[in-house]
Amino acid sequence: MSQPISLSWSTEVTLPQLPVQPEKLSNYDLVLRCQEGISPDRTAFAELLRRYQSHVDKILYHLAPDWQDRSDLAQEVWIRVYRNIKRLNEPVKFKGWLSRIATNLFYDELRKRKRVAHPLSLDAPRHMDDGDMDWEIASAEPGPDEDMTTREFYEQLHEAISELPEVFRTTIILREIEGMAYEEIAEITGASLGTVKSRIARARARLQSHLQAYLDS
């Protein structure tokens, strides 16, 4: 007597995993992807650049408001990031590391310019072939829809920040504009936590004094 034959079919199918799009990855995962392989993953790096370009631009703008080549500096920041991202041991701290690169680049460039540049006084006459000429600084005309009072106040604030000593300017920008913690600022600037707090307090006092004089006038 023949026995019934039992057949079993496996329905388990392994599907290839589709790569996750860079825009859906966290910053942490983007950094990890950039650290794989011989050179950083270009799509992951491009996504980091897209997310943090405005952050770099903001730092450089407040550190060097009157420099016309800030876009060149920003480009150099990202070149340094591309070359050194594998050295970042803690990907979760990418933003602070990026800020430190931008700040260090600014000071590197500032030291270079101080070695070759001559101080310029706007009070002194400019020597021309046909005689001396006083400087004429054009004032910025507000647009028709702009609030003049608000515009002037922020111009005064920007001027006050730009006149701060370098170490004060850096710490107050990282704290008040970038919103960083004191510990992050200490790590970026290489100063102690107490020094950072002292510099921020003194920078605030100078800004308050400058703006109070403007408001009183």
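How many helices and strands does the chain have? In this predicted model, the chain contains 8 helices and 2 strands. Along the sequence, these elements are arranged in the pattern α-α-α-α-β-β-α-α-α-α. Of the 217 residues of the chain, 29% count as buried. Among contacts with a separation of 6 or more, 59% are accounted for by residues 24 or more positions apart.

The largest nonpolar core comprises 46 residues, of which Leu48, Val77, Trp78, Val81, Phe94 and Leu98 touch the most other members. Two or more residues are given to this core by each of helix 1 (27-35), helix 2, helix 3, helix 4 (94-116), helix 5 (148-162), helix 6, helix 7 (182-189) and helix 8 (193-216). The greatest share comes from helix 4, which gives 9 residues. Apart from its neighbours within four places in sequence, Trp78 is in contact with Phe45, Leu48, Leu49, Tyr52, Gln53, Val56, Phe94 and Leu98. Leu48, Phe94 and Leu98, which are contacts of Trp78, are also among the core residues that touch the most other members.

Trp78 also takes part in the packing of helix 3 against helix 2. Helix 2 (residues 42-63) and helix 3 (residues 70-84) pack at an angle of about 140 degrees, and their axes lie 10 Å apart. The two helices are therefore oblique to each other, the class that applies here because an angle must be over 145 degrees to count as roughly antiparallel. The crossing of helix 2 past helix 3 is right-handed. On the side of helix 2, the contact is made by Arg42, Phe45, Leu48, Leu49, Tyr52, Gln53, Val56, Asp57, Leu60 and Tyr61, and on the side of helix 3 by Arg70, Leu73, Ala74, Val77, Trp78, Val81 and Tyr82. By residue class, this contact divides into 13 nonpolar, 1 polar and 3 charged residues.

Helix 2 also packs against helix 6, at an angle of about 140 degrees and with the axes 10 Å apart. Helix 2 and helix 6 are therefore likewise oblique, and helix 2 passes helix 6 in a right-handed crossing. In this contact, Lys58, His62 and Leu63 of helix 2 meet Arg169, Thr170, Ile173 and Ile177 of helix 6. The residues involved divide into 3 nonpolar, 2 polar and 2 charged.

A further packing pair is formed by helix 6 and helix 7, whose axes are 10 Å apart at an angle of about 140 degrees. That angle makes helix 6 oblique to helix 7. The crossing of helix 6 past helix 7 is right-handed. Thr170, Thr171, Leu174 and Arg175 of helix 6 make this contact with Tyr182, Ile185, Ile188 and Thr189 of helix 7. The residues divide into 4 nonpolar, 3 polar and 1 charged.

Thr170 takes part both in the contact of helix 6 with helix 2 and in that of helix 6 with helix 7. This residue is found in helix 6 (residues 166-177). With a relative accessibility of 3%, Thr170 counts as buried, because burial requires a relative accessible area under 20%. Beyond its neighbours within four places in sequence, Thr170 is in contact with Leu63, Thr103, Tyr107 and Thr189. Of these partners, Leu63 belongs to the helix 2 side of its contact with helix 6, and Thr189 to the helix 7 side of the contact with helix 6.

Tyr107, a further partner of Thr170, is placed in helix 4. Tyr107 is also buried, with a relative accessible area of 15%. Its contacts, leaving aside neighbours within four places in sequence, are Glu166, Val167 and Thr170. Tyr107 and Glu166 are 59 residues apart along the chain, and their C-alpha atoms are separated by 8.9 Å.

Arg204 counts as partly exposed, at 35% relative accessibility. Leaving aside neighbours within four places in sequence, Arg204 is in contact with Ile172, Arg175, Glu176 and Tyr182. The C-alpha atoms of Arg204 and Ile172 are separated by 7.6 Å, although these residues are 32 positions apart along the chain. Two of the partners of Arg204, Arg175 and Tyr182, also take part in the contact of helix 6 with helix 7.

Notes:
Residues numbered from 1 in each chain as written. Predicted model: local features only at pLDDT ≥ 70, side-chain atom pairs only at ≥ 80, totals over all residues. Heavy atoms only, no water. Axes fitted to C-alpha atoms, helices over the stretch in contact; angles between N-to-C directions. Helix = DSSP H or I, 4+ residues; strand = E, 2+ residues; numbered from the N terminus. Parallel < 35°, antiparallel > 145°, perpendicular 65-115°, else oblique. Left-handed = near helix turned anticlockwise from the far one by under 90°. Contact = heavy atoms within 4.5 Å. Nonpolar A, V, L, I, M, F, W, Y, C, P; charged D, E, K, R; others polar. Buried < 20%, exposed > 50% of the residue type's maximum accessible area, 1.4 Å probe, protein only. Core = buried A, V, L, I, M, F, W, Y, C linked by side-chain atoms within 4.5 Å.
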